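Colleague: Before I plan around this model, could you take me through how its parts pack against one another?
Modeller: Gladly; please have the sequence and the coordinates open beside us.

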Amino acid sequence: MKRKPPANPFEAQRKAAQRAALNALRRARRSAEKAGVSLSEWEGEFLDSVSERVKTHGRAFGDPELGAPGQALSAMQGRKLKEIAAKAKGEEPKRRWGKKRE
C-alpha cells in the first residue's frame, strides 16, 4: 500500500519532530533502566507527561514563544531531557552558572 505524501511540507516536518521527541523520551527511560540508574519521581513524571502531551497534541508546550516552530519540545524541556539522558549514562551534571570560585 502506497502512502500519499503530506499535502503540506510543514506537516511532514512537524510529524518528524514528534517522532524524534517520542524516540528521545523512550531512549532516555530505556537507557536509565538498562544502566540501573533510578530516576527521581519528578524525572519519571516528566518523561510520562511530556510523552503524553506529544502523543496527544503533537508537541509538549502551549506557548509558541517557548519553542521553535515545528519542534515538539520547548527549549527547557529539551534541556531537561538531555540532563536525564546524561544521568542515565552516568555522566556528572554540568554546571550551569560559570566556573566555581575558590
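Colleague: What should I keep in mind about the numbering and the kind of model?
Modeller: Residues are numbered from 1 along each chain as its sequence is written, and side-chain values use heavy atoms, with hydrogens and water left out. This is a predicted model, in which local features need pLDDT of at least 70 and side-chain atom pairs count only at pLDDT 80 or more, while totals for chains, interfaces and linings use all residues.

Colleague: What pattern does the chain follow along the sequence?
Modeller: Helices (H or I, at least four residues) and strands (E, at least two) are taken as DSSP runs, numbered from the N terminus. On that basis the secondary structure comes to 3 helices and 0 strands. Read along the sequence, the pattern is α-α-α.

Colleague: What percentage of the residues in the chain is buried?
Modeller: Buried means under 20% relative accessible area, exposed means over 50%, and partly exposed is in between, with a 1.4 Å probe and protein chains only. Of the 102 residues in the chain, the buried ones make up 25%.

Colleague: How are α1 and α3 oriented to each other?
Modeller: Two packed helices are described by the angle between their axes and the distance between the axes. Here axes are lines fitted to C-alpha atoms, for helices over the stretch in contact, and angles run from 0 to 180 degrees between N-to-C directions; under 35 degrees counts as roughly parallel, over 145 as roughly antiparallel, 65 to 115 as roughly perpendicular and the rest as oblique. The axes of α1 (residues 9-35) and α3 (residues 75-89) come within 8 Å and cross at roughly 25°. The two helices are therefore roughly parallel.

Colleague: Which residues of α3 meet α1?
Modeller: Contact means heavy atoms within 4.5 Å. From the α1 side, the residues involved are Ala24, Leu25, Ala28, Ser31, Ala32 and Ala35, and their partners in α3 are Leu81, Ile84, Ala85 and Ala88.

Colleague: Is Ala32 buried or exposed?
Modeller: Ala32 has its place in helix α1, and, leaving aside neighbours within four places in sequence, Ala32 is in contact with Val37, Leu39 and Ala88. With a relative accessibility of 1%, Ala32 counts as buried.

Colleague: How far apart are the C-alpha atoms of Arg27 and Ala85?
Modeller: Arg27 also belongs to helix α1, where its relative accessible area of 48% makes Arg27 partly exposed. Arg27 and Ala85 are 58 residues apart along the chain, and their C-alpha atoms are separated by 8.1 Å.

Colleague: How is α1 oriented to α2?
Modeller: The axes of α1 and α2 are 10 Å apart, and the helices pack at an angle of about 160°. That angle makes α1 roughly antiparallel to α2.

Colleague: Which residues of α1 meet α2?
Modeller: On the α2 side, the contact involves Gly44, Leu47, Asp48, Val50, Ser51, Val54, Lys55 and His57. Their partners in α1 are Arg14, Gln18, Leu22, Leu25 and Arg29.

Colleague: Which residues does Ser51 touch, not counting those up to four places away in sequence?
Modeller: Ser51 is found in helix α2 (residues 41-57), and its relative accessibility of 16% counts as buried. A polar atom of the Ser51 side chain lies 2.8 Å from the backbone oxygen of Leu47. Beyond four places in sequence, Ser51 touches Leu22 and Leu25.

Colleague: Which residues of α3 meet α2?
Modeller: The α2 side of this contact consists of Trp42, Glu43, Phe46, Leu47, Val50 and Arg53. The residues that they meet in α3 are Gln77, Lys80, Leu81, Ile84 and Lys87.

Colleague: Which residues does Ser74 touch, not counting those up to four places away in sequence?
Modeller: Ser74 is found in the loop between α2 and α3, and Ser74 is buried, with a relative accessible area of 8%. Not counting residues up to four places away in sequence, Ser74 touches Phe61, Leu66 and Gly67.

Technical notes
Polar contact = N/O pair within 3.5 Å; in protein donor to acceptor, adjacent residues only side chain to side chain.
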